Structure formats: C-alpha cells, structure tokens
Amino acid sequence: METIVLGVEPRVIKKNEAEKLRKSGLVPAVVYHKGEETVAVSIQELALTKLVHSAESHIIDLQFPDGKLKRSFIKEVQFHPVTDRIIHADFLLFSADEIVEMVVPVSVSGESVGVEKGGKLQIIMHSLTLKGKPTDMPEHFVIDITALDLAHSIHVREIPMTNYPGLTIMDEPDAPVITVLATRKEVEAAAEVAS
C-alpha cells in the first residue's frame, strides 16, 4: 500500500474557528490513538479531497510543522450535505504491529461468464472493511469474477482470502458484493427454453 505525506497544522478549538478555516481552504480534523490525547489539526482541502476521492487506500504520514511524521489512516470523513465538500476528517494513528480495521476499495479481475452471456455486472459493495496489520492492507481488494454466471452473486463469505493472508473481512458474511444481473432479453430467452 502506498504511503502519502500530508502536511497538517495544529489548531486551537474555539467558537466559529472551523468555519473560518473552511473559508480559507482548510479542513478541520482530529488525530487520535487509543490511550493518547486527541490532537486538533487543519489540512489543505485540495490535498485531502484528492486523497479521499482516490480509488486506492493509503497509509498517510501526517507531517507536523516541526518535521515529525505520524503514521495514520483516514478513519472517518464528514461531507457537507449540500455541496459535498469535506467539512471534517478523523485520522487514526497506528504502530506497525497493531491490528486495525480499514476500509479498502473493491476491484474486479477476469471476464465474467455471465457478462459474456449478455448479463450486466453490478458491484454492490464498492469497499470492504478489512482487519489486520496496516502493512498487510492492499490498495484494492481484488475479486476474481471469471466464474460468476448470470443471476448469481459473490457474497462476503465466498471470497477466497488466499491472496490476503493475515487479513479478515469484517463485513456481514451473507452480504452480496458483486452480482451479474440478467437483462430482460436473457430472462425472456430462458422463459422460452423452459416452455
């Protein structure tokens, strides 16, 4: 997994301070770790937006003005309900041997037999929550869809973890992740064959 350096500035929490930061192109955020004091910081909105809207997961080295780097990942992002701009972010610090839960984007490999028959591939869960060491986390969680047929789904419990040793999927085992929908034409053709 790629590591990105992101500059942060400590901030003092006071009334109307968050709104002033946002108007100047900064996003208020907090940095926390179990057993340590939470630190309030601000981050350039443009840099954070690029990171949040990236198709990969990242480990983030938060760089403070004194040059210190603190390894973290984004735990939560809050968006404005109307403009969809980032209005707050939470960063969770970790050590290399610590077990954490991270949200990792899903991607697919292979050509589905169901799609070749005219079906439509639908990714239902665009990300999965993985538990393990941060150094074991992939940028994408790749699922092979080659054997996925018409009107079939791949559920969380059916995903092989051989390529991801040391990681566990924390999502509901019965949740469908990817499916191939039969189009009306395929449904009608199947009905004709059955009659």
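On a 1 Å grid over the protein atoms alone, a pocket is an open set of points where a 1.4 Å probe fits, with protein on both sides within 12 Å along at least five of seven lines, and its lining residues have an atom within 4 Å of a point. This is a predicted model, in which local features need pLDDT of at least 70 and side-chain atom pairs count only at pLDDT 80 or more, while totals for chains, interfaces and linings use all residues. Residues are numbered from 1 along each chain as its sequence is written, and side-chain values use heavy atoms, with hydrogens and water left out.

**Largest pocket**
- The largest pocket has a volume of about 440 Å³, a volume being the space filled by probe spheres set on grid points that are joined across faces, edges and corners.
- Its lining comprises 19 residues, of which Val 52, Glu 56, Ser 57, Ile 74 and Val 103 lie nearest the centre.
- Two or more lining residues come from each of helix 2 (45-52), strand 5 (69-79), strand 7 (100-109) and strand 9 (127-132), where helices (H or I, at least four residues) and strands (E, at least two) are DSSP runs numbered from the N terminus.
- Strand 5 supplies the largest share of this lining, six residues.

- Three strands form an open antiparallel sheet in the order 8-13-11, two strands being paired if DSSP finds at least two bridges between them.
- The edges are strand 8 (120-123) and strand 11 (153-155), each of which pairs on one side only.
- Strand 8 pairs with strand 13 (residues 176-181) over four bridges in the antiparallel sense, and Ile 123 has Ile 178 of strand 13 as its bridge partner.
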